[in-house]
Amino acid sequence: MFNQHAAVNLLDYYTTIEIIISLFIAGLLALVYKNIHYSKQRKRNSYWSLGLLLIINLIEWTSVMLDGFSGQYRIWLVINKFLNHSLIPFLGYFVIHIWVRHSKYDRLLAVLLPGNVLFQLASIATGWTFSIDQNNHYHQGRYYYVYFIICIIVMFAIVSAYHQFEQKTFSGDCLFMFYTFFVFFLGIVIQEVSGELCGRHH
């Protein structure tokens, strides 16, 4: 009984954190909208990045709520995990293009990101990256490390793209955006890899 109450309290706490994060992202959207120093292109890429971050945040919250809830919701958890693993690397792509129109990693990402989507799609049937058992619990697959490597490559590309931008110009608000996006991206990856939140099983 104690463990059940603890699980409920943890889920409530997690929901509160997700609401705070969503409000923070909404505030960043407002700041980008009012920033007169951003070009239309940079604003557009910022909107895409922040909007995608909000979607990923919602998907992750939904996944946590569905995990172990009921077997009849298994298909929805499968869809959520597929979308989550597919969209997170794309977030890095949009973040990169906030600062640079063309990145030296564009060709690599043009192959890597669609390839990851196909890999995640195949994982639904094979369990390569993830699987959902009949009790609606999420498990990491035997090739999960491939997805992790893809995320590491994207993180490296984000840092490299910002360094490329910083060599040409320096802006405090751009540094703030870089720090914010990178910390969010790093946090998402760490959470995905650890998989211990709310008692998820692997």
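How many helices and how many strands does the chain have? In this predicted model, in which local features need pLDDT of at least 70, side-chain atom pairs count only at pLDDT 80 or more, and totals for chains, interfaces and linings use all residues, the chain has six helices and two strands. Residues are numbered from 1 along each chain as its sequence is written, and side-chain values use heavy atoms, with hydrogens and water left out. Helices (H or I, at least four residues) and strands (E, at least two) are DSSP runs numbered from the N terminus, and along the sequence these elements follow the pattern α-α-α-α-β-β-α-α. Of the 202 residues in the chain, 41% are buried, where buried means under 20% relative accessible area, exposed means over 50%, and partly exposed lies in between (1.4 Å probe, protein chains only).

The expected span of a helix is taken as 1.5 Å times one less than its number of residues. Helix α3, comprising residues 74-99, has 26 residues and reaches 39 Å from its first C-alpha to its last, close to the 38 Å expected. Within α3 there is a kink of about 25 degrees at Leu87, shortly before the proline Pro89; the bend at a residue is the angle between axes fitted to the seven residues ending there and the seven starting there. Just after α2, Gly68 adopts a positive phi of about 75 degrees.

Two packed helices are described by the angle between their axes and the distance between the axes. For α2 and α3 the angle is about 155 degrees and the axes lie 9 Å apart, the axes being lines fitted to C-alpha atoms, for helices over the stretch in contact, with angles that run from 0 to 180 degrees between N-to-C directions. The two helices, α2 and α3, are therefore roughly antiparallel to each other, given that angles under 35 degrees count as roughly parallel, over 145 as roughly antiparallel, 65 to 115 as roughly perpendicular and the rest as oblique. The crossing of α2 past α3 is left-handed, a term that applies if the near helix is turned anticlockwise from the far one by less than a right angle, with right-handed used if clockwise.

Side chains of opposite charge can pair when their charged atoms come close. One salt bridge is found in a search of the whole structure, the criterion being a side-chain nitrogen of Lys or Arg within 4 Å of a carboxyl oxygen of Asp or Glu. The salt bridge joins the side chains of Lys81 and Glu60 at 3.9 Å, N to O. Because Lys81 lies in helix α3 and Glu60 in helix α2 (residues 40-66), the pair ties together parts that are 21 residues apart in sequence. Both Lys81 and Glu60 are buried.

Several further residues were considered together with a partner elsewhere in the sequence. Arg44, found in helix α2, is partly exposed at a relative accessible area of 42%, and its C-alpha atom is separated by 9.8 Å from that of His97, 53 residues apart along the chain. Ser39, in the loop between α1 and α2, is partly exposed at 39%, and 9.9 Å separates the C-alpha atoms of Ser39 and Ile98, which are 59 residues apart along the chain. Ala30 belongs to helix α1 (residues 2-34) and counts as partly exposed at 38% relative accessibility; Ala30 and Tyr47 are 17 residues apart in sequence and 9.8 Å apart in space, C-alpha to C-alpha. Asn116, by contrast, is buried with a relative accessible area of 1% and is found in helix α4 (residues 106-126), where its C-alpha atom is 9.8 Å from that of Phe90, 26 residues apart along the chain.

In the loop between β1 (130-132) and β2 (138-140) lies Asn136, which has a positive phi of about 65 degrees although it is not a glycine. Asn136 counts as buried, at 0% relative accessibility.
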